[in-house]
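User: I am new to this structure and would like to understand the terms used to describe it. Could you take me through them with care?

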Amino acid sequence: MKRLLRNTLRSSWFQRAVGTLAAEWLRLVWWTNSFTFDPPDIYDRVEPRMPAIFAFWHGQHFMTPFIKTKDWHKAKVLISRHRDGEYNAIAAERLGIGTIRGSGDHGGAFHRKGGVGAFREMVQTLEDGCNVALTADVPKRSRVAGLGIIMLARESGRPIMPFAMATSRYIRLKNWDRTTINLPFGRGALVGIKEIVVPPDADAATMEALRLELEETLNESTRRAYALVGRPEPDHG
């Protein structure tokens, strides 16, 4: 029985079915929530700086494909090669977002998880004029920004745009990143406080300072997004 379940979960037809259903669910959530933007002219500020690196937290990522509001907004998202990543990849592609498969973690598993190839592909994607989106925190270290995204900004010369999206109705899972499943028929908010630029000659101390700034900016963006929809931010500890 366990083998049958495992084989089903790994089968391409099952992954495609789940990914497709997830995409259509998120589309329903987007259509039925009334979104506000902070600042109100956020797109007027961000569009001239594209292509950019869009950063968000693990567990708060389901609504992020909808930052792409115009046909000329081109974007690819970094998704892990893990089996669970297949569902996210299928959903993202159905919602019009390209995918880059690999790890954003620059730790010991960087090479094993396809991190080198993914990093090169992200740099090339930005050079080609396409935005790149990825989580700032690495697996199992929720709300701790990794250096990978800082390295990408230094190498590519493109700005990091930290942002948060929240809805007033949601379900919170009790996993490592406290995944938030957004629900329809409520209010939503998209918050982007400021951009972060990494100089091409940034040394280790500068990169660490910018990593902390990214972490603080994402935390503040997330707090403000939940405040705008009238809900306390879900506990992520």
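User: What should I know about the model before we start?

Analyst: This is a predicted model, in which local features need pLDDT of at least 70 and side-chain atom pairs count only at pLDDT 80 or more, while totals for chains, interfaces and linings use all residues. Residues are numbered from 1 along each chain as its sequence is written, and side-chain values use heavy atoms, with hydrogens and water left out.

User: What makes a stretch a helix or a strand here, and how many are there in the protein chain?

Analyst: Helices (H or I, at least four residues) and strands (E, at least two) are DSSP runs, numbered from the N terminus; on that basis the protein chain has seven helices and 10 strands.

User: What describes the packing of α6 and α7?

Analyst: Two packed helices are described by the angle between their axes and the distance between the axes. Axes are lines fitted to C-alpha atoms, for helices over the stretch in contact, and angles run from 0 to 180 degrees between N-to-C directions. Helix α6 (residues 148-156) packs with α7 at an angle of about 115 degrees, the axes being 9 Å apart.

User: Which residues meet where α6 and α7 pack?

Analyst: With contact meaning heavy atoms within 4.5 Å, I149, I150, M151 and R154 in α6 meet M207, L210, R211 and L214 in α7.

User: Which residues of α6 are called buried, and what covers them?

Analyst: Buried means under 20% relative accessible area, exposed over 50% and partly exposed in between (1.4 Å probe, protein chains only). In α6 the buried residues are G148, I149, I150, L152, A153 and S156, and their cover includes β2, α5 (115-127), β5 (131-135), β6 and α7. In the protein chain, buried residues make up 49% of the 237 residues.
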